[in-house]
Amino acid sequence: MLSDHQISQCQAGIDRLALPVLPLVRLVGMLYLTGPFARLTDVLAELIEPVETGGLRYEEPAQTLTPYLEAMAPYERFKHPQAPSRIILSAELAALDQFEALEGWVAQNVVSQELEEINSLLCGPCACRLCCIGPEGQMVQDFFEIPLLESETAFFPLPKIDGIKSRQTNSEAIAPLEIDGLFFYDRPDPILIHWHTGWTMVLPRFTSCPNLDQSSGGCTIYPDRPDVCRRPQIFSYVLERLPAYDQHYEGRMLPAFSRQDKILAVWDCPYVKEFQEQIGIYAQLCGLEPVFKENKA
Ligand code: SF4
Ligand code: SF4
């Protein structure tokens, strides 16, 4: 549970949860599609007054939307057709019409971007290290792992395991990879392993990321932290990636997704517990279903 002081420090994030940008994005998307606008920026140029929609009031709509223009770009495919770059199916894996597909794509982009910003506002005041350490206390897991891109491994001064055996298996295999006679997660320190699926940093029990500043609890490589460390504990699940449905198209592979229209929140995170009600309202205002799930219990 957060203290009153920590809750007050989270106020900027709570305010953002109360005024999600997606309802405004959808309104402007409809204006763009039904009006005489060539580009989304043409709609924004007209938004000089506050806008109200769905009981929400946006004082400076154009300013609010400007950082989301790239996330909204799929709307422009209606007026400026391009070669397909992804396949978006319904939750039942049926074909969607172009509007439902592109609207889901925009919603996924916008909510992902907004929740990343909200996460940053809520995480700092919690003084929590859960995302940066291995299992502790009563946790049942033997290890946690953080997926890394090859280029990101350079930021972690750790031993690397990259061989035929590691590349033929993964961390969930029934027969765990052994290193120097020990299961990979029974080692006393974190390690980088290149699995069949790519690199991960393995954090065995009671260990922590080498980039975690033990005195401040901060990240010593914050500007260069890997992509996965930037992901929020409340995250967009408007689209689910479905690699099994990827399709070849004119010499390219189009990635497939299905519409789920949900927001997932990881229950282990202290701000998710503290602001469960606000997260539920945020999802509702976005027309999405909130789902709370435990990750590291
Ligand atoms: S890189 Fe930084 S944010 Fe990521 S796990 Fe390590 S300390 Fe935490
Ligand atoms: S669990 Fe939540 S509060 Fe803790 S470090 Fe991760 S994002 Fe921050």
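Hi everyone. Let me start with a definition: a polar contact here is a pair of N or O atoms within 3.5 Å, and within protein one of the two must be able to donate a hydrogen and the other to accept it. Keep that cut-off in mind for Asn211. What we have on screen is a predicted model.

So, Asn211. A polar atom of its side chain sits 3.1 Å from the backbone oxygen of Phe155. In the chain, Asn211 belongs to the loop that runs between S9 and strand S10 (234–241). Is Asn211 buried or exposed? Its relative accessible area is 7%, so Asn211 is buried.

Four strands form an open sheet in the order S4-S9-S8-S5, and the pairing is mixed. Strand S4 (143–148) and strand S5 (160–161) are at the edges with a single partner strand each, so one side of each has no neighbour in the sheet. The partner of S4 is strand S9 (residues 198–204), and the two run antiparallel over 6 bridges. To pick out one pair for you, Phe144 has Leu203 in S9 as its bridge partner.

On to ligand 2. Its surroundings are Asn119, Cys123, Cys126, Cys128, Leu130, Cys131, Gln233, Cys269, Pro270 and Tyr271. Two elements supply two or more residues each to this shell: helix H7 (98–126) and helix H9 (270–274). Which of them gives the most? That is H7, with 3 residues. By class, the count around ligand 2 is 8 nonpolar, 2 polar and no charged residues.

Since H7 has come up, let's walk along it. H7 has 29 residues, and from first C-alpha to last it reaches 42 Å, close to the 42 Å expected at 1.5 Å a residue. At its start, a side-chain oxygen of Asp97 comes within 3.1 Å of the backbone nitrogen of Phe99. Just past the other end of H7, Ala127 has a positive phi of about 50 degrees.

Definitions and conventions. Residues are numbered from 1 along each chain as its sequence is written. Chains are lettered from A and ligands numbered from 1 in the order in which they are written. This is a predicted model: local features need pLDDT of at least 70, side-chain atom pairs count only at pLDDT 80 or more; totals for chains, interfaces and linings use all residues. Side-chain values use heavy atoms; hydrogens and water are left out. A residue is near a molecule or strand if one of its heavy atoms lies within 4 Å of it. Ala, Val, Leu, Ile, Met, Phe, Trp, Tyr, Cys and Pro count as nonpolar, Asp, Glu, Lys and Arg as charged, and the others, Gly among them, as polar. Two strands pair if DSSP finds at least two bridges between them. The expected span of a helix is 1.5 Å times one less than its number of residues. Buried means under 20% relative accessible area, exposed over 50%, partly exposed in between (1.4 Å probe, protein chains only).
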